[in-house]
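Open the model in a viewer and keep a selection panel at hand.

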Amino acid sequence: MPSADQLRAFPWHQVDWLIVNEGELGDIAGSVFDSSSVEPDIRTAVDSLTKASAHDKVDEKAAIKVAQSLHSLLPRLAESQSGRTINIICTLGAKGVLYVRSSTTSAPITKRLAAAKLLRPIKDTTGAGDCFMGYLAAGLMRLQQEGKSADDEEAFEGVVKRCLTVGQAVCF
């Protein structure tokens with residue numbers, strides 16, 4: 001993980017999608033939020049998320065609060081203020097995934113999708129995150145080829161559900 005100074009100076013204006021796990025979400029938020037100006041409940045959520053992640057647990061409510069706050073803060077860190085948005089996808093391990101993404105027709109969309117119930121025990125999670133990201137990139141490109149956009153909620157949710165399914169299948 002880059003240092004707090006590196007994260008604050010990061011070229012956020014070049015980022016469309018930030019894909020992180022819950023620990024990385026907490027680390028990034030803890031580094032870029034100015035502790036003197038962030039609301040106490042956000043600071044508490046960041047601390048809760050970081051502590052839970054250190055114990056291989058997920059605090060879903062804290063993750064949602066932190067992702068929503070980071071979604072609104074990151075564009076202010078970007079050099080370009082021309083309506084730039086940075087969509088956030090946070091994997092939650094066995095709990096699934098959550099995303100906060102911008103919409104051209106409404107306020108930002110926040111959604112959490114649960115992981116499927118597993119029929120067999122997990123053997124190894126190596127590569128699951130990489131698979132998730134690869135399928136997400138391929139899914140977004142497929143939407144574009146089909147003349148759809150990530151703003152199509154049903155189509156986008158279908159892409160994320162496929163990513164969840166494939167990411168879990170890699171673990172067997």
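Which residues does Leu70 touch, not counting residues up to four places away in sequence? Select Leu70: the list is Leu18, Leu25, Ile28, Ala29, Val32, Phe33, Pro75 and Ile88, where contact means heavy atoms within 4.5 Å. This is a predicted model, in which local features need pLDDT of at least 70 and side-chain atom pairs count only at pLDDT 80 or more, while totals for chains, interfaces and linings use all residues. Residues are numbered from 1 along each chain as its sequence is written, and side-chain values use heavy atoms, leaving out hydrogens and water.

Next, select α4 (60-77); helices (H or I, at least four residues) and strands (E, at least two) are DSSP runs, numbered from the N terminus. Its buried residues, among them Ala63, Val66 and Leu74, pack against β1, α2, α3, β2 and β3; buried means under 20% relative accessible area with a 1.4 Å probe, protein chains only. At His71, shortly before Pro75, α4 has a kink of about 25°, the angle between axes fitted to the seven residues ending there and the seven starting there.

Now select β2 (87-91). Of its 5 residues, 4 are buried. β1 pairs with β2 in the parallel sense over 5 bridges (pairing requires at least two DSSP bridges), and Ile19 stands opposite Ile89. On to β3 (97-101): β2 and β3 run antiparallel, joined by 4 bridges, with Cys90 opposite Leu98. In the turn of this hairpin, select Gly93, whose phi is positive at about 60°.

Methods
Buried means under 20% relative accessible area, exposed over 50%, partly exposed in between (1.4 Å probe, protein chains only).
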